[in-house]
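Here are a few notes to read alongside the model.

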Amino acid sequence: MSERKVRVRFAPSPTGPLHIGGVRTALYNYLFARQHGGDLIFRIEDTDSSRFVPGAEEYIIEAFQWLGIQFDEGVSFGGDHGPYRQSERRDIYKKYVQQLLDNGKAYIAFDTPEELDAKRREVENFQYDAQTRNQMRNSLTLPADEVERMVEAGEQYVVRFKIEPGREVVVDDLIRGVVTVNSSVLDDKVLYKSADQLPTYHLANIVDDHLMEVSHVIRGEEWLPSAPLHVLLYEAFGWQDSMPRFAHLPLLLKPVGNGKLSKRDGDKLGFPVFPLEWKDPQTGAVSSGYREQGYLPEAVVNFLALLGWNPGNDQELMTLDEMVRLFDLGKCSKSGARFDYVKGMWFNHQYLMQRPAIDWTPELDRILRANGIESTAEREAQVVEMMKTKVIEYVDGENNKKKRNISFVSDLWPLCRFFFVAPEAYDKEDKFVRKNWKDTTAQEMDQLVGVLSALDDDEFTVEQMKPLVDAWAEATGARPWNAWRVCLVGTGQGPDMYELAAFLGKQETIRRMERAIKALS
């Protein structure tokens with residue numbers, strides 16, 4: 001018998017933006033499929049029509065396009081196992097619901113929400129199971145002709161899975177090992193609702209995974225409690241031989257405190273939890289995205305890959321191909337992974353530094369234009385080269401002042417404004433200005449203007465400027481560089497002074513110097 005081909009799936013619900021935890025699940029499915037020469041299926045689980053959000057499906061597809069996670073078949077990708085949108089598979093599910101009913105593996109229940117609420121008040125910790133089903137209104141307690149009459153009359157009903165108590169259900173999980181659950185603790189889950197003629201998650205997933213020949217189900221830890229039920233459903237259909245292997249991934253945990261990562265954590269600490277910016281179609285509220293905050297897709301993928309998986313070495317920076325080669329579900333953690341968003345910025349810094357300066361310029365140009373400045377890609381690339389290794393100060397989510405490397409192109413703007421806009425004023429109380437502008441500084445800067453004026457415009461380069469100014473400084477004993485920085489920048493930041501002056505050019509350099517001399521004298 002030939003080995004079964006690896007086929008995995010990612011099946012989100014179009015109920016809003018894609019959470020970063022879902023991105024990681026899709027990534028692990030992608031890595032596993034590629035490593036084994038298998039297929040990755042993109043399926044949309046839209047059986048809960050009440051929670052459908054317009055635009056969510058398109059958002060999810062766009063997010064994966066940006067991240068570079070490619071699917072082999074599914075919604076918008078085509079394939080031989082469609083349709084891949086569950087709302088388009090109603091007739092398929094009805095066939096399998098009827099099969100369970102015919103085989104006595106499921107039953108019809110007519111209990112209204114009010115009746116169920118009354119039973120919950122009457123019975124502490126009530127669940128619909130082998131002990132309570134005989135007290136309810138269903139096809140196990142009602143005469144067959146009465147059940148038929150009620151169905152034909154259009155009374156709303158659900159189909160419940162009939163779980164036999166006292167069985168040890170074994171789930172052999174690729175990450176968590178063997179998990180055994182007694183069937184007595186499981187309730188008779190609803191598999192189908194007549195109201196919208198759609199199955200619930202449990203039935204739809206089993207039928208779809210079987211018909212789409214899914215070999216492995218890699219999903220979040222939150223779905224682990226449903227695994228025993230799914231094992232029983234496979235048995236009820238007689239599909240034991242095609243049952244997929246399960247792997248339940250660890251949760252993504254809050255950066256601080258206990259519990260799983262939520263949007264509230266991102267709002268509080270200033271990081272996104274969605275891959276792309278999301279605008280709620282009902283409220284208009286906008287949630288930030290990794291793309292819009294300036295993250296590079298390869299940095300996001302690399303960061304997420306290591307949240308819950310260790311390649312077994314000290315390597316942190318990996319291409320997608322390297323991740324595919326190294327990935328091993330057996331090396332995924334059983335415990336939750338702390339979402340270290342600061343480490344995420346570190347990854348972005350690393351990948352940003354690998355990019356040539358010219359690749360920074362489209363985003364930098366957009367920022368400049370938003371501030372009323374027009375420049376060229378060539379000059380913007382010069383600025384990037386001079387400033388990309390600088391350190392910036394920032395305030396974290398807990399209002400602490402910290403420093404970090406440049407992690408985003410947008411970090412450059414506060415550091416490089418002076419390249420394009422001359423200082424409007426000079427703050428004499430600024431610590432750097434006060435320290436470096438003395439009574440004799442104006443005269444010294446006048447002399448430096450004279451030295452620089454001797455150069456022609458085309459000679460105003462680092463190579464010709466530096467020996468001339470250095471010679472003058474040595475001959476006079478002057479140490480003009482910090483005061484010169486005050487003239488050109490207005491405070492104590494910026495690159496090497498010769499590089500800055502060469503970038504500004506002779507006329508602008510001297511204009512700024514003369515203005516500072518007048519303002520500070």
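**Notes on the backbone and packing**

1. At 46% relative accessibility, E213 counts as partly exposed (buried is under 20% relative accessible area, exposed over 50%, partly exposed in between, with a 1.4 Å probe and protein chains only). E213 lies in the loop between α6 (201–211) and β10 (216–220), and its phi is positive, about 60°, although it is not a glycine.

2. A word on the source: this is a predicted model, where local features need pLDDT of at least 70, side-chain atom pairs count only at pLDDT 80 or more, and totals for chains, interfaces and linings use all residues. Residues are numbered from 1 along each chain as its sequence is written, and side-chain values use heavy atoms, leaving out hydrogens and water.

3. Do look at the loop between β3 and α3 (90–102), which holds P83; the peptide bond from G82 to P83 is cis, with omega near 0°. S76 is found in that loop too. Its phi is near 75°, positive in a residue other than glycine, and S76 is exposed, at 58% relative accessible area. For context, most residues other than glycine have a negative phi, and most peptide bonds are trans.

4. Helices α18 (residues 481–489) and α20 (residues 506–520) have axes that come within 8 Å and cross at roughly 100° (axes are lines fitted to C-alpha atoms over the stretch in contact, and angles run from 0 to 180 degrees between N-to-C directions; helices are DSSP runs of H or I, at least four residues, and strands of E, at least two, numbered from the N terminus). The two are therefore roughly perpendicular (65 to 115 degrees).

Note on methods. Angles under 35 degrees count as roughly parallel, over 145 as roughly antiparallel, 65 to 115 as roughly perpendicular and the rest as oblique.
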